Amino acid sequence: MIKLFKVKEKQRELAENASNGVPIKKQSAGELRLHKDISELNLPKSCSITFPNGKDDLMNFEVSIRPDEGYYLGGTFLFSFTVSPIYPHEAPKVKCRTKVYHPNIDLEGNVCLNILREDWKPVLNINTVIYGLYHLFTEPNDEDPLNHDAAAVLRDNPKLFESNVRRAMAGGYVGPTFFPRCM
């Protein structure tokens with residue numbers, strides 16, 4: 001058993017020498033799983049992923065979604081993802097960075113998506129979350145809203161809802177709230 005530890009120590013020493021003396025950071029189980037998820041991403045053409053802090057920080061990234069159908073056609077919506085070291089046992093934290101008139105996204109960017117809350121399971125992955133976000137734009141849900149005003153308009157007057165979405169995406173006011181252009 002002692003020889004095994006010496007072999008591991010020698011391997012670490014060789015790795016540090018190969019990296020000019022910089023200690024090699026050990027990855028958490030969450031980082032390893034996230035690396036696997038990202039390498040297996042199969043995104044729709046209307047979605048893209050970026051790493052604003054560089055590829056060394058996989059735990060924080062951004063996803064851009066450009067719906068190609070529905071009320072939000074032509075808009076671009078940016079989401080930030082923060083992934084816990086205990087991922088996949090905890091869902092990633094997702095915030096919408098684009099102010100949007102949407103029944104399932106409030107004005108602070110909080111997202112109401114069941115798989116990010118009570119329906120999260122470790123078998124789910126980042127690809128599933130991105131498809132879930134994409135689905136919110138193609139099929140907004142007025143039954144489980146964060147923005148109750150938008151949900152009521154969608155439910156009671158879909159034509160007015162569509163008009164409000166267009167006005168918000170073009171950069172304008174919906175009621176007292178201003179929405180920056182996102183088209």
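Predicted model: local features only at pLDDT ≥ 70, side-chain atom pairs only at ≥ 80, totals over all residues.
1. **β3 and β4.** Strand β3 covers residues 77-82 and is joined to β4 by 4 bridges. The two run antiparallel. Ser 80 stands opposite Lys 95 in β4.

2. The structure holds 11 aromatic pairs. One of them is Phe 77 with Phe 137: ring centres 4.4 Å apart, planes at 20°, so the pair is stacked. Phe 77 sits in strand β3 and Phe 137 in helix α3, so the contact ties together parts 60 residues apart in sequence. Phe 77 is buried, at a relative accessible area of 0%. Phe 137 is buried too, with a value of 0%.

3. **Tilted pair.** Tyr 87 and Trp 120 also pair, 6.1 Å centre to centre with 40° between the planes, which is tilted. Tyr 87 belongs to the loop between β3 and β4, Trp 120 to the loop between β4 and α3; the pair therefore ties together parts 33 residues apart in sequence. Tyr 87 is buried, with a relative accessible area of 1%. Trp 120 is buried at 11%.

4. **Cluster and charge.** Tyr 71, Tyr 101, Phe 161 and Phe 179 make up one aromatic cluster. Lys 99 lies over the face of Phe 179, 5.8 Å from the ring centre.

Terms used
Residues numbered from 1 in each chain as written. Heavy atoms only, no water. Pairing = 2+ DSSP bridges. Phe/Tyr/Trp six-rings, centres within 6.5 Å; stacked < 30°, edge-to-face > 60°. Buried < 20%, exposed > 50% of the residue type's maximum accessible area, 1.4 Å probe, protein only. Lys NZ or Arg CZ within 6 Å of the ring centre and 35° of its normal.
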